[in-house]
Structure formats: C-alpha cells, structure tokens
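Please have your viewer ready.

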Amino acid sequence: MIIGYVIGEASPQEALMLAEKPVRVGRYVVLEYDGIKVLGLITYVSRGSPLLDITLNDIKIVQKMKDLDTSIPQFVKAVIKLLYDMRSKSIPDLPPGPGTPVRLAEEEELLEIFSEGDIVIGSLIGVNIPVKIKVNSLSRHLAILAATGSGKSNTVAVLSQAIASIGGSVVVFDYHGEYYGSDIKPLNNIDPKLNPLYLTPKEFATLLDIRSNAHIQYRFLRQAFTTYVNEIRERMKDGNVNYAELNNSFVSDIEKKVDEIAADEKQRSQKDAADEVKNKIEEFADKYGDIVDLTVSDIVSRLRPSSVNVVDISRMDEESMDAVVSHYLRRILDSRKEYKHRKTGLGFPVVTVIEEAHVFISKNDDTLTKYYVSKISREGRKFGVSMVIVSQRPKGLDDTILSQMTNKIILRMVEPTDKKYVLEASDNLTEDLVEQLSSLGVGEAIVIGNLVKLPAFIKISKFAGNLGGSDPDILGEWNKFMKSINVDSEFG
C-alpha cells in the first residue's frame, strides 16, 4: 500500500516524503529503487496548507475560506530515516530519487527483522508485530530512562520476568518496594542484611569512614578485623559459636582486638589512632545497626537461578542502601570471577537492576555503589554480570557510566536537558529519534543498541500482575478514613 512519494533531495540516510494522508511517527516503510529494498522509519511528520502558510496575517481570510463549502487544500510531509537494505543486509549507500514510491512495511518483512531475539518485551507501535530482544546483548548493559509515570516499573517487571522464564537470574535493588512481594514469578525475596564476615578489610574501613591517608588507623582496623573474622570462621567450623550473642558482641569483640594490638604500641599517637578506630566502630554500629547481621548467609548463596531476586531496600536511609547495594554488587562480581577462574563460586550469570540509579551513580557525588557499577560496566561482560540502570533523571547520572550502557530503552521524556544529556552519552541515538521522546505515550519506548537489529518504536507489554508502585488513591483513603471516624463516633 503506497502512502506517498519522495520529494526534494535525499541522502543515503534520509528522505522527505509527501504523504497522501497523515501517518504516525514510528511507522516503518519500504522504498524500492535502483535494485535495492530499503526499510525506513518515519521520524517526523508535519502538516500544512499552501494557501494558509505562515505568511498569512489576516484571520478574516481564514474565516472566509472556512465558511466556503470547499475543503482547504492540505499537505502532509514526513521525514524518513533510511535504516537497512533488506536485500544486501546492510546500511543503504544510495539515496532514493524524487518520485520513489513509499509503502508501509508488511508484517512478514517486519517479523523477519524484529523476531531475531530470545524474549518478547512488546510490539511495534501501530502494528501487532512482537519485538524480541537478544538477551546475550545485555552483556553490554542497559539503561532504562524515562520521565515519572511513563512506565519504567512495568518495563523492569516485564523484562525481569521474561529473563527468568528462560532460566536467567535477575537481581533487582528495589528502591520503592514495588517488586518485593509483587506478582512477578518466580520471585525470590531477599532481606537486605549486611554480614561483616563477608566484607573485605578495605570495604569495612570505607564503611567506617577511615580515609585512605589514615594509614595508622587502617593498620589497626585491618589487623583487628582480619583476626576477628578468622577466629569466628574457625569457631563456626568447630560448631563453637553462640549465634544469639554474635551480633550483640560484635562491636565489643572488634574493640578488644584493637586494644590488644594497641597495647604493644609505645607512642601516644598510636594510642590516639586506636581510640579513633574504636570511635568509628561504634559510629558504624549506630549507623548500620539495623542491617548488620552476622548470622545471615552470603548474598551469593541466597541468589536463585531462573528467578527474579528482589532486594527490598525501600525502608533504609540512603547510606544504608549504598552499603548494601555496593557490597552485594562486589560479592556477585567477585564470585563470578571465582567461578570463571576456579569453577567455584556463583555458577550462573546474573543481570543486576538498580532502580533510581541517579541516587547511587550521581555525576556529582561519589558513592560506594558508583565504584562497583563502574567496575561492572567495564569488567562484567567477561564474567557474566550485566548491569541495568533505571532512572527518571538521566542528567543526574554519571556520564561515563551512562555511555557504557550500550543498550537503551527510552520511554517518554520531556525535559530538554535530559534529552540532550542522553543524546550526548549515546553513540547509537540520533537527534531525530530524541526529538520524538516527548510524543511517546505511557508504556511506549524507543529501543536502541544490540538488543535489536534496528531502532524500534515499541509498546512495552503490560505486566500481568500487581506491582507496589502505582499512584495512591488519595481520595479513596480520605473517604475510608472519614468513614472509620464516623463509625467510631457512632458506636462511641
């Protein structure tokens, strides 16, 4: 079905079409010329009239024309991004000539291109063609970006459940409590606890806020902490541990080790450093006491394959969130390295998902999580650890990390600075595609990167279940509360 013809000058990358009637942005079209068959994407549509152009300044002329029993001549023009030569399976290298017919792509043609994947996450906008993505391409990481209320949580739920359905393991750090206890299947809820026995001395020192140049303090802490951990592990092997007392005595046990080491020191400055370490240990207990638990198993042993593993961090303050997320990411990466090198450790690849990523990987602030996200974005591909960052504030993200997210699912985005930031951080996103982000509906997205063969305008599938992130029914809660008051007053 021909919908228009090429007019004006064209390039191998772009052509202008004069259309017979309005056509929607995001529709795929086919142009056949010079022995090639090119798939194109409509990226911009305009509508006007040769009689009512911008030079017209008299509204009475418009009113008179509208009163006449004749229709005002109009035209529709559309910009076509030329994507793919379907015969040579390559990028087009010839421009279409003026008058080249343009038709809508047929279902079979689109299926051939967008069915090359492993899991379905949605369908092409305007046509009932499922879009599959290549799961192996997640090794190059993914950013899911959108304005508030555009469908990020639904996208995460659909993607995570689909990955789990083919045997994959997903770990979602649940910032708002949307997925913990949801209808995602199979779901593995994980209590966010931090076991110091699995911390490295450097990790523990960072949580204690012992600075890198505080060499004496770090020496005290490293020796005390290492001695303590080794002793506890030996006692565990012998079955000689009172688990009920383990958490209660943690601070005092570490402090005793510090005192034992400091007892051999002669200089006053050494004693002062030891006292400062003990102060920091007590501050650590005050700050992280709610999440520290020496009786819980390592996060690696709590992950399940073929599941969506959800860590509910919604009830924590941001410092505790940072401590848990960074530690879990470190353990997952280290354990996958161990498996690759020695065949011990975590035996299956993991896709990690960080909600509200701008909190953890801000371009302005350094966090513990930011270090390990950066490390995974550089090294994770080799060890089977993929990173998915989810954010409603792209301009707040670290630009280096965002640029390493080769794949992007971008839902509706209105803020100009956000759109500009995403464009500058993306090698495979073009300005004409970015311009369409404001016109997307809820749940509609542009998918780019190795996940798909070509850029795709899609409608993300609707998650068939309940999530905890929907907007509250404020009016309903008010009415319910007032009814309860009336009942209480009536029955006195």
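Does Asp 34 count as buried or exposed? At 60% relative accessibility, Asp 34 counts as exposed, where exposed means over 50% relative accessible area, buried under 20%, and partly exposed in between (1.4 Å probe, protein chains only).

A word on the ground rules. This is a predicted model, in which local features need pLDDT of at least 70 and side-chain atom pairs count only at pLDDT 80 or more, while totals for chains, interfaces and linings use all residues. Residues are numbered from 1 along each chain as its sequence is written, and side-chain values use heavy atoms, leaving out hydrogens and water.

**Backbone details**

Most residues other than glycine have a negative phi, and most peptide bonds are trans. Asp 34 has a positive phi, and so does His 141, which is not a glycine either. Strands here are DSSP runs of E with at least two residues, and helices are runs of H or I with at least four, numbered from the N terminus.

| Residue | Phi | Loop between | Relative accessibility |
|---|---|---|---|
| His 141 | about 75 degrees | β8 (130-133) and β9 (142-145) | 2% |

The peptide bond from Lys 185 to Pro 186 is cis, with omega near -15 degrees. Pro 186 sits in the loop between β10 (169-174) and β11 (187-190).

**Around Ser 307**

Pro 186 is also one of the contacts of Ser 307, a residue of strand β12 (residues 307-312). Setting aside neighbours within four places in sequence, Ser 307 also touches Ala 164, Gly 168, Ser 169, Val 170 and Asn 188; contact means heavy atoms within 4.5 Å. Ser 307 counts as buried because its relative accessible area is 6%.

**The whole chain**

The protein has 16 helices and 17 strands, and 50% of its 492 residues count as buried. Its C-alpha atoms fill a box of roughly 100 × 70 × 45 Å along the principal axes. Among contacts between residues at least 6 apart in sequence, 73% join residues at least 24 apart.
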